[in-house]
Amino acid sequence: MKIAIIGGGIGGAATAHALLRKGFDVTIFEQAPAFGEVGAGVQVTPNAVKALMGLGLGDKLHAAAFYPQAVSGRHWQSGRQNFRIDLGPEFRAHYEAPFIHVHRADLLEILISELPVANCRFGMRCTGVEQTANGARARFADGSYFDADLVIGADGVRSVVRSHIFGEGGLRWTGHQCYRALVPTGGVVDYVAPESSFWMGPKAHVVTYYVKGGQAVNIVAVTEAPEWVAESWSTRASVEDMLRDFDGWHPDLRTLFEGVGETFTWGLFDRDPMERWSQGAVTLLGDACHPMLPFLSQGAAMAIEDAYALAEALAMHGDLGTALAAYEDERRPRTARVQLEARERGRTYHLPTEEEMARRDAEYARRAKDDPRTTGINTDWVYDYDPRDFAREIAA
Ligand SMILES: Cc1cc2nc3c(=O)[nH]c(=O)nc-3n(C[C@H](O)[C@H](O)[C@H](O)COP(=O)(O)OP(=O)(O)OC[C@H]3O[C@@H](n4cnc5c(N)ncnc54)[C@H](O)[C@@H]3O)c2cc1C
């Protein structure tokens, strides 16, 4: 089967890797002149680690990883811990995988490490897709086109492929914008715990964690805004604005923020879960079909899981329609739940008053007594998933 992938982000690269392993004839079309990722970190949660292990990339991931000790929630001003999920041996044994932090560029590098250059076409901006008698055709801005048995739209939140098969619209401003920054620390410092730390304040939260083996700290600092006014979805912002928006927050955070050299601000958009992702010989993957708030740290994880499942379905089912139906049946319910629960976290992380925060924290404490894995961000059900079960099921 000849397959075209539109988009060489984390989702497209993971898909190319997964499909090449299964022996498909794959070409990836990326609009940028080369593979590249923003200078930021990514939390690779156990479910995504299991998918990467299934793709034979576990060792490479391990080499680039920082292993945090816990996921912890903290009060924005006092630093008081309101939940803690230990990520030690018991956690790893339970989920059969660790929780990892990496730099996005390192993750992308791992995903493309086995991709032959001949399978990658850069500077190719897809302008549309159409069904043909034997498959689908992708058209590009330079006037060229490419015919394939299957075209996969992995072209992100503003997917051209999606709008060509399902129409424009549906993208939703979530009311959140965030600053992203990377602070080189040269090692673990006393003002940043070696954890995935969620600092929760009134109508704002901050997530900090180490990447680059502990050499730098990634910051995602989220505030609320009635609308997104910038022309681009990601623009350079001033460190002064960032410091002003987090005025009065805990001194450790302020110390970290003062080390920020440059920062970018992002508008956060999502969409309601889609009812279908495929039509004829075209399907979608990653943010193209399920853009979500990053509050469960699952966007890249879901794209990697999609890649794994799609490759398994295509390899297992001779008929394209059956394979795409199996792929969607496996992936749509799960990604829909993650999309909707990520929205809900947007509310609970941003409660406006101390009274509401105290009630939330009491609930976190109650849940921690039952099972510490279900407190705080409450992602037990997300991490439990093993994408390799899908392969085992269809093989059986
Ligand atoms: C602040 C923030 C923090 C996050 N943290 C995490 C986290 O900790 N863990 C996690 O799992 N996820 C996280 N995410 C989500 C994650 O970044 C995304 O879900 C993920 O990158 C989606 O990958 P993708 O390949 O589907 O899309 P993208 O990364 O958007 O890649 C799309 C690619 O397609 C290319 N492209 C676009 N249009 C065209 C076209 N017309 N023709 C050709 N090429 C095209 C683009 O250039 C790009 O390379 C976070 C997101 C944000 C905003």
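A polar contact is a pair of N or O atoms within 3.5 Å. The model shown here is predicted.

**Ligand contacts**

By that cut-off, the backbone of Gln-43 qualifies: one of its N or O atoms lies 2.9 Å from an oxygen atom of the ligand. Ser-297 also contributes a polar backbone atom, 3.2 Å from a ligand nitrogen. Gly-299 does likewise, with a polar backbone atom 3.2 Å from a nitrogen atom of the ligand. The table lists these pairs.

| Residue (backbone atom) | Ligand atom | Distance |
|---|---|---|
| Gln-43 | oxygen | 2.9 Å |
| Ser-297 | nitrogen | 3.2 Å |
| Gly-299 | nitrogen | 3.2 Å |

Taken alone, the ligand exposes 1,000 Å². The protein buries 86% of that area.

**The shell**

The ligand is surrounded by 33 residues. Gly-11, Glu-30, Arg-104, Cys-126 and Asp-287 are the closest. By class, 15 shell residues are nonpolar, twelve are polar and six are charged. Several elements supply at least two shell residues each: helix 1 (10-21), strand 2 (25-30), strand 3 (41-44), strand 12 (171-184) and helix 9 (299-316).

How many bridges join strand 8 and strand 9? Strand 8 pairs with strand 9 (residues 136-140) over five bridges, in the antiparallel sense. Val-129 has its bridge partner in strand 9: Ala-138.

How values were computed
Residues are numbered from 1 along each chain as its sequence is written. This is a predicted model: local features need pLDDT of at least 70, side-chain atom pairs count only at pLDDT 80 or more; totals for chains, interfaces and linings use all residues. Side-chain values use heavy atoms; hydrogens and water are left out. Two strands pair if DSSP finds at least two bridges between them. Helices (H or I, at least four residues) and strands (E, at least two) are DSSP runs, numbered from the N terminus. A residue is near a molecule or strand if one of its heavy atoms lies within 4 Å of it. A polar contact is a pair of N or O atoms within 3.5 Å; within protein, one must be able to donate a hydrogen and the other to accept it, and residues adjacent in sequence count only if both atoms are side-chain atoms. Accessible areas come from the Shrake-Rupley method with a 1.4 Å probe; for residues, only the protein chains shown count as cover. Ala, Val, Leu, Ile, Met, Phe, Trp, Tyr, Cys and Pro count as nonpolar, Asp, Glu, Lys and Arg as charged, and the others, Gly among them, as polar.
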